[in-house]
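Look at the structure below, which is a predicted model.

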Amino acid sequence: MEHNCAIINDKKAFRYRAAAIIVEEGSVLLARNDEDDYYYSVGGAVQMGETSEEAVKREVFEETGVNYKVDHLAVIHENFFIGSSCIEGVDFHELTIYYMMKPMGKRNFTSQSTTETGAKETMHWVPIDELDKCKAYPTFMKEYLNSEHSGIEHIIADERY
């Protein structure tokens, strides 16, 4: 049984995630599912006893079927938001560690990944210059991918209001 690093009490929650930034030919890989109306980063819950790097490699493989390698730690994202779908109305405090993954060439993915609620997930290459035209999380992704970086970025987002 998986033991995710998450605490949910009534209408408050804390979640620890690891996520990937995978860029190929001017596009970033994002996930989507049958229940939600938005794109989101490839990744998921860190499990008890697992490092964030182990988690991102596992999650990326589960969602894409490909063993991507980590290039470097890119972003520490503290995110505050109100949940939707199966977590409707829950006040979330989420900590996500984002890793830039090594490019492997743009490809189609045929994995049969599902969300925790069983919704089918699909992978999509979204052109970076079109990220602002679609509903996608994290909201910092387009700006981040269009700027230069030295070291690890620390980004705090409060989307509760």
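**Salt bridges and a buried strand**

Arg-58 and Glu-59 form a salt bridge in which the closest N and O atoms are 3.0 Å apart. Both Arg-58 and Glu-59 are buried. Salt bridges with shared partners connect Glu-50, Arg-58, Glu-59 and Glu-62 in one network.

Side chains of opposite charge can pair when their charged atoms come close. The count of salt bridges in this model comes to nine. One of them joins the side chains of Arg-15 and Glu-94, at 2.7 Å from N to O. This pair links distant parts of the chain, since Arg-15 is in strand E2 and Glu-94 is in strand E7, 79 residues apart. Arg-15 has a relative accessible area of 23%, so it is partly exposed, whereas Glu-94, with 6%, is buried.

Another salt bridge joins Lys-57 and Glu-53, at 3.8 Å from N to O. Here both residues lie in helix H1, four residues apart, which is about one turn of the helix. Lys-57 is partly exposed, with a relative accessible area of 37%, and Glu-53 is partly exposed at 34%.

Now turn to strand E5, residues 39-45. Seven of its seven residues are buried, so E5 is largely enclosed by the rest of the structure. Which strands pair with E5? Strand E2 runs antiparallel to E5 and is joined to it by four bridges, with Ala-20 opposite Val-42. Strand E4 is also antiparallel to E5, over two bridges, and Leu-30 has Ser-41 as its bridge partner. A hairpin of five residues joins E4 to E5. Strand E9 runs parallel to E5, with two bridges between them, and Tyr-40 is the bridge partner of Tyr-137.

Definitions and conventions
Residues numbered from 1 in each chain as written. Predicted model: local features only at pLDDT ≥ 70, side-chain atom pairs only at ≥ 80, totals over all residues. Heavy atoms only, no water. Buried < 20%, exposed > 50% of the residue type's maximum accessible area, 1.4 Å probe, protein only. Pairing = 2+ DSSP bridges. Salt bridge = Lys/Arg side-chain N within 4 Å of Asp/Glu carboxyl O.
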